[in-house]
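Subject: Structure handover

Hello,

Here is the structure we discussed. Please load it first, then read the notes below it.

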Amino acid sequence: MESTRILLEAHEIPTHWYNIAADLPAPPAPPLLPDGSIARPEQLGVIFPPAIIEQEMSTERWIEIPHKVREIFRLWRPAPLVRAVRLEEALGTPAKIFFKYEGVSPAGSHKPNSAVPQAYYNHKAGIRRLTTETGAGQWGSSLALAGQMFGLEVRIYMVKVSYEQKPYRRMMMQTWGAEVFSSPSSLTECGRRILAETPDTPGSLGIAISEAVEEAAGRADTNYSLGSVLNHVVLHQSIIGLEAKKQLDKLGLYPDMVIAPCGGGSSFSGIAFPFLGDKAAGDKRAANLRAIAVEPSSCPSLTKGRYTYDFGDASGFTPLMKMYTLGHDFVPAGIHAGGLRYHGTSQLVSQLYEAGLIEAVAVPQLSTFDAGVQFARLEGIIPAPESCHAIRVAIDEALKCKQSGEEKVILFNLTGHGHFDMSSFERYFSGKLEDYEYPAEEVEKSLAKLPKFG
């Protein structure tokens, strides 16, 4: 049997990011302004540095990773690829199950893969402060870490329900020097308006984005930084799949399916896009590749949303993006997978889903925790609630292989550890967690408020 842990040397960290925009069946839909006109790069310059805007608009296939960024990546990259042998044996499946473990980063998740380059480009552009939002806290802690490395002040608007559920993630951000505020807050016009209208709101990523963008747009020394959804974030995360390809090559293997949790789309795109690039290039190994995005049934953007233009935030500060959306004022239930509670999905992921090139499945909360606990007891790693979604579907697919006798190779993205999410496991063990499927009528109500433009 092959080694259960496949490592790369530091010099094997990828030198370039992969940009799937070069290989889409049609060009990406451009971002629009509320009047229907195409957003120009200089208009995005209010909140983003030039290098980020260039990457956001780029259709070049390969974009070089700056040397300084690669040097910082060496703190935890290359991340290990692990074969889940004990899980395979417990399931009695002929499938080979591999996971790319991103929990080895200092912040405990895949999010520093984009936080570090974003902080680098902002520092290089002379920016002094960054604002951002965070749901479960993985992105906020990652940007706090990256800001510290480049001498940037960081202010984080953390979704209220997660601010209360996950105090230790908040403390991580503060340890790395960031200011953290519960969102909606009284610091912004958007926050004050929402608190006046719905004082008991649990908050949402859309609201927190509005607050962070509002502040960044109002200060010349401040830019905004986003942890998912946008093209440049998806680009940065491609390092996950690029490393995984090298590691599987060492074993002479290629995945039959690639699985990852999907909220805004950064972790799914990060592991899946480099393999989908092989498929676009005509690589015979990828001819029948299945790429499966897993979302919570309480926030089913791909499986129940609409493919259309919508704002990325609750107040309409961002440009309109063509994506699968539940409506920008959608406020999801307070499930513990806070990183998946976003109303929309990356426009690149959305375009691929609309074209039928990837799959999506929505799973309920309790079954994801069932899978996460089973995995932890067999493989030793306590996964983050978001990662449990990928584990759930990986197990389901492995059991299908058991029934069919097919020896497939399953690869999933274990996006982070759950060490700061133990309150959610406590609720699971005490029977306090519940499944929640967002009602179709509420989805339609939110979609009825989609912006009219042009």
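P78 sits in the loop between α3 (67-73) and β4 (81-83). Helices (H or I, at least four residues) and strands (E, at least two) are DSSP runs, numbered from the N terminus. The peptide bond between R77 and P78 is cis, with omega at about 0°. A cis bond also runs from S183 to P184, with omega near 10°. P184 lies in the loop between β8 (179-183) and α9 (189-197). For context, most peptide bonds are trans, and most residues other than glycine have a negative phi.

V229 is not a glycine, yet its phi is positive, near 75°. Its place is the loop between β9 (222-224) and α11 (231-237). V229 has 5% relative accessibility, so it counts as buried. Buried means under 20% relative accessible area, exposed over 50%, and partly exposed in between (1.4 Å probe, protein chains only).

**Where the model comes from**

This is a predicted model: local features need pLDDT of at least 70, side-chain atom pairs count only at pLDDT 80 or more, and totals for chains, interfaces and linings use all residues. Residues are numbered from 1 along each chain as its sequence is written, and side-chain values use heavy atoms, with hydrogens and water left out.

**Overall picture**

The protein has 19 helices and 15 strands. Its radius of gyration is 20 Å, close to the 22 Å that the globule rule gives for 454 residues, so the protein is as compact as a globular protein of that length. The radius is taken over C-alpha atoms, and the rule is 2.2 Å times the number of residues to the power 0.38. The C-alpha trace spans about 60 × 50 × 45 Å along its principal axes.

Of the 454 residues, 62% are buried. Now the contacts (heavy atoms within 4.5 Å). Among those between residues at least 6 apart in sequence, 78% join residues at least 24 apart.

The protein exposes about 16600 Å², and carbon and sulfur atoms supply 51% of that area. Areas come from the Shrake-Rupley method with a 1.4 Å probe; for residues, only the protein chains shown count as cover.

There are 44 positive and 51 negative charges, and their mean positions are 3 Å apart. Lys and Arg count as positive and Asp and Glu as negative; His and the chain ends are not counted. Each charge is placed at NZ of Lys, CZ of Arg, CG of Asp or CD of Glu.

**The seven-stranded sheet**

Seven strands form an open sheet with mixed pairing, in the order β1-β4-β5-β15-β10-β11-β14. Two strands pair if DSSP finds at least two bridges between them. The edges are β1 (5-6) and β14 (359-363), each pairing on one side only. β1 and β4 run antiparallel and are joined by two bridges. R5 has V82 in β4 as its bridge partner.

β10 (residues 257-261) pairs with β11 in the parallel sense over five bridges.

S297 is in the loop between β11 and α14 (301-304). At 9% relative accessibility, S297 counts as buried. Residues up to four places away in sequence aside, S297 touches A362, V363, P364, Y436, E437 and Y438.

**Strand β6**

Six of the six residues of β6 (residues 129-134) are buried, so β6 is largely enclosed by the rest of the structure. In a regular strand the side chains alternate between the two faces of the sheet. Here R129, T131 and E133 point one way, L130, T132 and T134 point the other way, and all are buried. β6 and β7 (residues 153-159) run parallel and are joined by six bridges. R129 has E153 in β7 as its bridge partner.

F48 lies in the loop between α1 (41-44) and α2 (50-57). What relative accessible area does F48 have? The value is 10%, and F48 is buried. Leaving aside neighbours within four places in sequence, F48 is in contact with I53, N223, Y224, L230 and H232. The C-alpha atoms of F48 and L195 are separated by 28 Å, and these residues are 147 apart along the chain.

Best wishes
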